[in-house]
Amino acid sequence: MAAPPPSFEKHKALAIEYMKRRIGEGNELVAVLGHHIRKRDWIGNVRSPDQCFVPANFRLPPHSAEVKHRLFRNLQYFLSNYLMYGLIVLFYGIFRSAVALICVLCLCIMWYYVIQLKHIKIGDVILAEAYKLWAMAVLSLIVLLLCAGNVLLWILTFSMVPILLHASLHIPMAPMMNKKDDDLDPENPQVEEEEKVPEKSEVGASARRSSVRDREEPKDGERKDARLG
């Protein structure tokens, strides 16, 4: 005899559990990104035009693995410059369209009032803090696509295409070490740990020198006995 199909309540419980798991993974990703955003020295890592636009530094990648390598290295090294360029394109795209500007202003007001609320109640469903923010992000994306989809497509095209072309054609630069930033060499992420090793060895060497000095120097009691003898 065939087993009865799962009930609606079981399907609902499985769907809720799946959404909780996905939202939890998204929250972890947001937390990691937030940590790196706070840690990075955005102003101090703005690269000069001599580093960004020297013609001799642009070459076609010989194979696909080199493209991936350049994207990984250059997106990290020129991240502050890419962000500045993306913000310029974003604001230009918004202010050149009245519909997009009104839509963004309405979304900003909506976000302001939603953030003030501890939770949102929709019928019998109460959205907690994390669910509330994710729901607002999805709603904002839908509103932007419906009201200003062409502007959003224009912004994505004129921001992402030049950035990806620059990152894939530019020869990877050697990152400047900055302890306030996570701008480390992706090929050797243990550089900072290796720099700490000599410090430990120096501490050990100084401790050994002090112990040898203590053994060589006679104590006060030994000095008095030597005088009496």
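Trainee: What makes the backbone oxygen of D41 and the side chain of N45 a polar contact?

Mentor: The oxygen lies 2.8 Å from a polar atom of the N45 side chain. A polar contact is a pair of N or O atoms within 3.5 Å; within protein, one must be able to donate a hydrogen and the other to accept it, and residues adjacent in sequence count only if both atoms are side-chain atoms. This is a predicted model, in which local features need pLDDT of at least 70, side-chain atom pairs count only at pLDDT 80 or more, and totals for chains, interfaces and linings use all residues. Residues are numbered from 1 along each chain as its sequence is written, and side-chain values use heavy atoms, with hydrogens and water left out.

Trainee: Where is N45, and why is N45 called buried?

Mentor: N45 sits in the loop between α1 (8-39) and α2 (49-52). Helices (H or I, at least four residues) and strands (E, at least two) are DSSP runs, numbered from the N terminus. Buried means under 20% relative accessible area, exposed over 50%, partly exposed in between (1.4 Å probe, protein chains only). N45 has 2% relative accessibility, so N45 counts as buried.

Trainee: Why does R70 count as buried?

Mentor: Its relative accessibility is 5%, so R70 is buried. R70 belongs to helix α3 (residues 64-77). A polar atom of its side chain lies 2.5 Å from the backbone oxygen of R59.

Trainee: Which residues does R70 touch?

Mentor: Leaving out residues up to four places away in sequence, R70 touches several, including L60, P61, L75, A167 and H170. Contact means heavy atoms within 4.5 Å.

Trainee: Why is F58 called partly exposed?

Mentor: Its relative accessible area is 29%, so F58 is partly exposed. F58 lies in the loop between α2 and α3. Its C-alpha atom is 6.0 Å from that of I171, 113 residues apart along the chain. Among the residues that F58 touches are H166, L169 and H170.

Trainee: How do you know that the length of α5 agrees with its residue count?

Mentor: The expected span of a helix is 1.5 Å times one less than its number of residues. Helix α5 (residues 98-116) has 19 residues, so it should span 27 Å; its end C-alpha atoms are 28 Å apart, which agrees. For α4, 17 residues should span 24 Å, and the end C-alpha atoms are 24 Å apart, which agrees too.

Trainee: Which residues of α5 are buried, and why do they line one face?

Mentor: They are A100, C103, L107 and V114. The face turned away from the buried side carries exposed residues, among them I102, I109 and Y112.

Trainee: Which helix has the highest confidence, and which the lowest?

Mentor: Helix α4 (residues 79-95) is highest, at a mean of 93, and helix α8 (residues 220-228) is lowest, at 50. Over residues 177-201 the pLDDT is below 50, yet this stretch has 33 contacts in the model beyond near neighbours in sequence. pLDDT is the predictor's confidence in each residue, from 0 to 100. Where pLDDT is low, the predicted coordinates should not be read in detail.

Trainee: What is the mean pLDDT of the protein?

Mentor: The mean is 75, and 62% of the residues reach 70 or more. The protein has 8 helices and 2 strands. Of its 229 residues, 21% count as buried.
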